[in-house]
Amino acid sequence: MTVTYVISGFAVGLLVGLTGVGGGSLMTPLLTLLFGVSPSVAVGTDLAFASITKSAGTLTHRLRNTVEWRVVRLLCAGALPAALLATLALKELGAISKEIGQIIRYCIAISVLLTVVAILFRARMLAWLNAHPEKQLQGRALDAATMITGAVLGVLVTISSIGAGAIGATILVMLYPRMSPAHIAGTDIAYAVPLTAIAAIGHWWLGSINWELLGTLLVGSLPGITIGSLAAKAVPEKLLRGLLAVTLTAVAAKLML
């Protein structure tokens, strides 16, 4: 089973490197459906996994000056308190009970479907926004929308481990259409580090992290994401994103049923 986990980590890392879609939308359903890991443990382990991998990504983006730290602070102002409240709610309700596990399973499915929407319609949404500049938020309204976005993602990520990648990046594109793709990616990764770290600590407190599983996944994912990143330009992006969207839709349907 350990070898299978390493191979799975490699496959997910490869896809993340090729497509740029967050590993949570791939790893959490994989652990739940293929390996029978309980939803709460799958979420907790994936959050710890994400906090480690995204820390390295943040360092790279910081060195390249592709992080908008003011936006990161606004997102964290909403996301971190929301993550703490969601953790306390899981503790109160019983994070690893069968009933809460089923709720988490449904939350994972909904998050996966939101990721599919983000993958398929991001370009169209951005094109519409560019064609209607009067619809773009400014000043305090933009700041408030950013904090609310952080709060929603904080709850979503804590419960399902999904949302800080494709969904978060798509919302940032909508809120800040003039921000370059590199800055969108850097900002999205940077705010996700404290969010996933706090959520992971919360799940550790709840007893829903499998550390041995985490280690084997990292062994496979680190070389996988490196190879995927190097090969990304050689593979048609539309083809990959289309296949990924179909796969994730099937995963969401399986989780719901």
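**Entry 1: nonpolar patch**

I counted a residue towards a patch if it has over 30% relative accessible area and no salt bridge, joining nonpolar side chains (Val, Leu, Ile, Met, Phe, Trp, Tyr) within 5 Å and like charges within 9 Å. The model I have open is predicted, so local features need pLDDT of at least 70 and side-chain atom pairs count only at pLDDT 80 or more, while totals for chains, interfaces and linings use all residues. Residues are numbered from 1 along each chain as its sequence is written, and side-chain values use heavy atoms, with hydrogens and water left out.

Which residues form the nonpolar patch on the surface? I found Leu85, Leu88, Ile201, Trp204, Trp205 and Trp211, together giving about 750 Å² of accessible area (Shrake-Rupley method, 1.4 Å probe, with only the protein chains shown counting as cover for residues). Helix H4 (69–93) and helix H8 (181–206) are the elements that give two or more residues to this patch. H8 supplies the largest share, 3 residues. My helices are DSSP runs of H or I with at least four residues, numbered from the N terminus; strands would be E runs of at least two.

I clicked on leucine 85, which is found in helix H4. Leucine 85 has a relative accessible area of 59%, so I logged leucine 85 as exposed (over 50%; buried is under 20%, and partly exposed is in between, with a 1.4 Å probe and protein chains only).

**Entry 2: helix packing**

Next I checked how H4 sits against H8. Their axes are 9 Å apart and the packing angle is about 15°, which makes H4 roughly parallel to H8. I fitted the axes as lines to C-alpha atoms, for helices over the stretch in contact, and angles run from 0 to 180 degrees between N-to-C directions. My angle classes are roughly parallel under 35 degrees, roughly antiparallel over 145, roughly perpendicular from 65 to 115, and oblique for the rest.

H7 passes H8 in a right-handed crossing.

**Entry 3: salt bridge**

How many salt bridges are there? I count 1, taking a side-chain nitrogen of Lys or Arg within 4 Å of a carboxyl oxygen of Asp or Glu. Aspartate 143 pairs with arginine 70, and the closest N and O atoms are 2.8 Å apart. The pair links distant parts of the chain, with aspartate 143 in helix H6 and arginine 70 in helix H4, 73 residues apart. Aspartate 143 counts as buried because its relative accessibility is 19%, whereas arginine 70, at 47%, is partly exposed.

**Entry 4: contacts across the sequence**

I looked up threonine 149 in helix H6 (residues 139–160). Threonine 149 is buried at 14% relative accessible area.

Methionine 125 lies in helix H5 (residues 98–131) and is partly exposed at 28%. The C-alpha atoms of methionine 125 and methionine 174 are separated by 7.4 Å, although the two are 49 residues apart along the chain.

Last, I went to proline 177 in the loop between H7 and H8. Is proline 177 buried or exposed? Proline 177 is buried, with a relative accessible area of 17%. Proline 177 and glutamine 136 are 41 residues apart in sequence and 8.4 Å apart in space, C-alpha to C-alpha.

How values were computed: Left-handed = near helix turned anticlockwise from the far one by under 90°.
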